[in-house]
Amino acid sequence: MEIRLEIKLQQPNPLFTRWLERWLHEAEQRNRKSQHTLRQALQALRSYPLPLYSGRECAVLRGFGATLCQLIDDELRQHRLLASQAKLKMTPTPASNSTQYQEQVQQVVKVVQRKQKQQQLQKPKKLTKKVQQELAAAEERERAVHMTAGSYRIVLLVDTQETSGKNKRILDQTRSYLQTLNVEHEVRRLTVGDFLWIARDAAGNELVLPYIVERKRMDDLASSIRDGRFHEQKHRLHQCGLSHIIYLIEDYGDNEQLGLPLESLQQALINARVQSAGIQVVRCDNHYRSMCYLSGVGSALQQLYVGASRSLHSVDKTHLSTTHTDICQVGLLKFRSLYEDSARNAQLTVREVFVQQLLQLHSLSIDRALAIVERYATPRLLLDAYAECQSEAEARQLLAGLSCGPLQRPLGDKLSQCIHQFYTNEF
Amino acid sequence: MSNKADKLMKQAMREQQKRIRPGECQKYVRLVLDQGLLLIPWGQELLEKLNNTDLKYEIRSLPARNCIFWERNVGQQTLVAGVELEDAWHMEQQVLLVYAEADFQRALKDHNLGCIKAKLQDAFPALNCQFTVVVPRLRQSKHSHETNALIELQLLQQLHVEQLAQPQCQEFILLLQRYTKAIAELPYKQQRQSILGSFKKYLANDNKQCVRVEQGNGYGRLWQQHLNRLPLVTLEVAESIISQYPCPKRMLQQFADDPQAVQTLADVKIKRSNGPQPLQSERRIGNVLSNKLYTLYTARDPNTLI
C-alpha cells in the first residue's frame, strides 16, 4: 500500500536563520531602524519550510529586500571561503545542504517503513466490507433460531420475476391488488416459486412456512410444458423442502389459442395432482381472484400459526418432517437456507456431472447412465478400473454386462466399447 | 434351478412392465362408486354417461356415502370362497367425495365441513390416502364465506378441492376420465420419479443435443458436450480447452504427470473473445474452472462438490 510522507525539516535554513538572529540582535542592541524589517524577515524565514541555497532565493520571502539579500550573499561567500580554507565539512553549507537533505530524507523514509512493518504485524487487519458481509452470513447460517408464539409476523413474499410475458406491468398489478386487499407483503428475489410466506421476528430472523405457490396462467402453462420447463420446475419445487406445493392456475380469457389442446393441459394438471405427493392445484378466473386466494391463504395461515399459538424453530433440510401434525413446536427452514439451496446454479456433485456427461452419448438412456454410475461413481473410478484390466479386450467389455433399468437389460457391447474408446483413445 | 427362477422372475418383470405402460395401463384399472351416488340429482345421468365411455366400474355400498375410489388389477389372483380363483384388485390411494349442490349448501350453512377429513379417514383407514372433495363451482367473490371454507378445507384439512362447472354431470365425467388416466399411469411415473428424484438437478431435459458416435467419428463433439456440462463453460471456453486438449486422455495425462497441471490449465488463453477488452482478466480459463475440471476428473468420492 502506498503512503504519502510529508517531510518537514525542523530547521530548513539553519545557517541563514543564525545569521539573521545575529544581525537582529546587533540591530536591537544599537536600536537601529533596521531591526523591524530584520524581525519580519526572520519570522518569515523561520516559517518557510524549504531550504534556500542563496541570498537571492530569499527574495521571495517577506521582509527580504535587495540589501538584505545582498548581505546574505556576501556573508555566504565569506563563509564558503572560510569553509574551503578550513576544510571543515562539519558546518552546514547550502551547497552540501542539498545532498545532505536528500540523504536525510531517505533516512526518514527508511525509519517510517520500518515502523510501518512493525505496526502491520501487531495491529489486526481491518476487514473489507465484503469480508464482513460474508462473516455475517456465515454466522446467520449457524445460528439456531427460536420464535415463541406472538413474537413473529407472517409476511407474504412476492418474487420479483413474478411476471407473465416478461412484463413489469404484471408485477405492479400484483402489488396493487395485494395493497387493495390489505395483504402485508414484500417483493424479493426468490430462487424457487412465485410466492412464499415467512415468519419474521423483531430481530430480523426469517423462517419459511411450508407452503410455496407457483402461479401460472394457462398460456404460461402451455408454453412451459412444450419446452420442458414444467417438469423441471416441478422437480425443483419438490427438492426445495417445502411440503405443500400449490399450483395457482389462472384462466387466460376463454382458454383458447393456448398452443396446446386444452384437454392436454387439464390432464397435465390432474397428473400433477395425482402423481406428485404434496401438490395442490387451485383454479382461479383471473389475476384479481388469484390475489384474493392468496389473501385468503394468508389469513388461514395466520389462524393456523399465530391463532393457534405455535412456536417455531429453525431446522436443517434433512430434519424437516413432511407430516402436518398439530404440534405446538414447528420446525421450519430459514429463508436464507432455502434461498441458497434452491438456486439454479447451486453446486453440483461429481456424480451428477458424470451422469450428465454420460447422457450426452446417443442411445445412452438414463437407466443405462445410472447403471454405470452405480458401479463406477466418478470418472476417476472408471478410469482406474480400465487401468486394472488385464487386456484391452477386457477393458472394452468392462461395462457391457451391467444390468440397466427395471427389466435388467444389459448395457451392450457397442456402448461399452464406445465409452472405452472415448476415454482411452487419442483423437 | 436358479436359472429357472431367474427366467420366471424376468417374465414376471416383463409382464409388470407391460401392465404399467401408458396406453395399456388403463385396461387394468376400474372405478368403484358408492351406490348413494345414484340418488343424487344427476346420478342416473351419470350412470348413462359412464356407460358410453370406456371406463370400467362397479357399484358397491361403501363405508362413506357418495365416495368413489379406484382399483387396479395387478395380475394376481385370490381364492374366493375356497372354490374359485378371481383377479385380485388392489385399492388405489385416491378417494373422491362428491357433493351435490343442495348437500353442499347445507353443509356450508351448518359449518359441517370441518369434520370431513376425520370421517373419510375413518372410512378409508389405509395409509397415505389422498382425499378430494368435488363440489359445484362457486361464484368467486372476495372473502366470501364459501371461498374461505374451501381454503380451510385445503390448508387445515389437507383435502384437495375440485370445482365443477356447468353442466355438472358432463364435467364430472371428464374429471373421472382424467383421474382414471392419471391413476392408471401412476406406477410408471413413480418408477421414473424414483430414478430422477434422487438427483438435485433435473436430468431428463438435457439430451436434446446428444451425439451419435459412428466408426470413430463424433468423439470430438462428444468431448465438447462433456465440457459444456460444467456451468462455467461457454462455447469459446470449450473451444480453447479443446485446442489445448483435443481428447480427455491428454487432459487426464496432464493431471497425472504434471504437478503444475492446474495452473497450466488456468492459464490457457481464451481465443476469439471479442477482441481486446477492458476486462483483460477474462481472457484466461481461470483458477476456478481449472480447479473444477481437476476435481471432476480426479475425485474418487462421488459426493464431492464441484
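Here are some questions and answers about a predicted model with chains A and B.

In this predicted model, local features need pLDDT of at least 70, side-chain atom pairs count only at pLDDT 80 or more, and totals for chains, interfaces and linings use all residues. Residues are numbered from 1 along each chain as its sequence is written, chains are lettered from A and ligands numbered from 1 in the order in which they are written, and side-chain values use heavy atoms, with hydrogens and water left out.

Reader: Which strand of chain A pairs with β7(A), and in which sense, parallel or antiparallel?
Author: Strands here are DSSP runs of E with at least two residues, helices are runs of H or I with at least four, and both are numbered from the N terminus. Two strands pair if DSSP finds at least two bridges between them. For β7(A), A:V281 is the bridge partner of A:Y247. There are 6 bridges, and the partner strand is β6 (residues 244-250), in the parallel sense.

Reader: How many residues of β7(A) are buried?
Author: Buried means under 20% relative accessible area, exposed over 50%, and partly exposed in between, using a 1.4 Å probe and protein chains only. Strand β7 covers residues 279-284 and is mostly covered, with the buried count at 5 of 6.

Reader: Is A:N271 buried or exposed?
Author: A:N271 sits in helix α9 of chain A. Contact means heavy atoms within 4.5 Å. Leaving aside neighbours within four places in sequence, A:N271 touches A:S276, plus B:A182, B:E185 and B:K189 from the other chain. Its relative accessible area is 11%, so A:N271 counts as buried.

Reader: What area is buried between chain A and chain B?
Author: Buried area is the accessible area (1.4 Å probe) that two parts lose on being put together, summed over both. The contact takes 73 residues from chain A and 76 from chain B. On the chain A side, A:R273, A:Q360 and A:F427 lose the most area to chain B, together 11% of what that side buries. Carbon and sulfur atoms give 59% of the total, which is about 7400 Å².

Reader: Which residue of chain A forms a salt bridge with B:R137?
Author: A salt bridge is a side-chain nitrogen of Lys or Arg within 4 Å of a carboxyl oxygen of Asp or Glu. Between chain A and chain B the count is 5. For B:R137, the closest N and O atoms are 2.7 Å apart, and the partner is A:D285.
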